[in-house]
Amino acid sequence: MAFHPIVDLERGGIWGYEALVRGTKGEPAGAILSQVDEERQYKFDQACRVKAIELAGRLFPAMENTRLSINFMPNAVYEPAACIRTSLETARRVGFDMKRIMFEFTENERMADTKHVARIIAEYRRLGFITAIDDFGAGHAGLNLLANFQTDLIKIDMELIRGITDSAARQAIVAGILLIARSLDITIIAEGIETEAELATLKSAGINLFQGFLFARPAIESLPPVSFTAG
C-alpha cells in the first residue's frame, strides 16, 4: 500500500492519508485491480483493508487524529455487518481507533442495487466509521447517487478540477456541488490538485481539504513529506 496525504489548509496540518493499492514492484492500482476477477473481489478487498490498517497502526502518529482512508468495492461487500468484522478485529489488534477510518467508494458502472450500497453506508456510519463518495462528478458518481444516500464527505473528481481556473463552467459546477454539500452537511475534499492556480481558485470557493501532487506524491509503506508552501 502507498499513502497519499489529505491536507487541511484551514488548520495547516494533515487531515488524513488515503491508502492506495500498489504492486510489489510499485505497479499502479489499475494494473493490480485489472487482475482481480469477480470471484476474488471479496478476499482482495478484505486483504487490502487489513494491510492498510496494519500499516496505519505502525506509521500514523498515535496521539493524533490522523484519518486513514480506505477504498472499497461495494460489489465485494455481500453483507455489511459480516464483511466489516475483519476490519474491526484488525483495528483492535493494532490499537487503531476505528473512528479514524474513512471508507470511500466509487463506481465506474451504474449500480444495480443502490439499496445495498445504502445499507453498507448506514452500517459503517452506525459503527462510527467515516464514509465518502470518491470521484464525485465522474461517470455515475453524481447527483443520482447522492440523492439515494448521503456520506460524510464527497471527493470532487480531478477532471472537474483540471483547468478550473480558466473555466467558468467548472467553477459554476463546483460552486453548485458546494451549495448542495453544505445543505446536506457534507464535507468536501478536492482531489487531484496539481497547480497553485487550481488551489487558489478552490480555496476562494470555500474548500479547505485538498489532496494532490502539489502537496506530495504517494509513498509506498511510508508517509511522504508534505509541502504546505502552496497553501
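The paragraphs below go from the whole protein to a few of its parts.

This is a predicted model, in which local features need pLDDT of at least 70 and side-chain atom pairs count only at pLDDT 80 or more, while totals for chains, interfaces and linings use all residues. Residues are numbered from 1 along each chain as its sequence is written, and side-chain values use heavy atoms, with hydrogens and water left out. The average pLDDT (the predictor's confidence in each residue, from 0 to 100) is 89 for the protein, and 94% of the residues reach at least 70. Confidence is lowest in helix 3 (residues 80–83), with a mean of 77, and highest in strand 8 (residues 209–211), with 98.

The protein contains nine helices and nine strands, where helices (H or I, at least four residues) and strands (E, at least two) are DSSP runs numbered from the N terminus. Its radius of gyration is 17 Å, close to the 17 Å that the globule rule gives for 231 residues, so the protein is as compact as a globular protein of that length; this radius is taken over C-alpha atoms, and the rule is 2.2 Å times the number of residues to the power 0.38. Of the 231 residues, 48% are buried, a word that here means under 20% relative accessible area, whereas exposed means over 50% and partly exposed lies in between (1.4 Å probe, protein chains only).

Five of its five residues are buried, so strand 4 is largely enclosed by the rest of the structure. Ile-101, Phe-103 and Phe-105 point one way from the strand, while Met-102 and Glu-104 point the other way. Strand 4 runs parallel to strand 3 (residues 67–72), to which five bridges join it, and it also pairs in the parallel sense with strand 5 over four bridges; two strands count as paired if DSSP finds at least two bridges between them. Met-102 is the bridge partner of Ser-69, and Met-102 has Ile-130 as its partner in strand 5.

Helix 8 (residues 168–183) can be read in a similar manner. Its 16 residues should span 22 Å at 1.5 Å a residue, and its end C-alpha atoms are 23 Å apart, which agrees; the expected span is 1.5 Å times one less than the number of residues. Which residues of helix 8 are buried? They are Val-174, Ile-177, Leu-178 and Ala-181. These cover an arc of only 100° around the axis, which puts them on the same side of helix 8. An α-helix has 3.6 residues a turn, so residues three or four places apart point the same way. The opposite face, turned away from the buried side, carries the exposed residues Ala-168, Leu-179 and Ser-183. Just after helix 8, Asp-185 takes a positive phi of about 60°.

Note on methods
The arc is that of the directions from the helix axis to the C-beta atoms.
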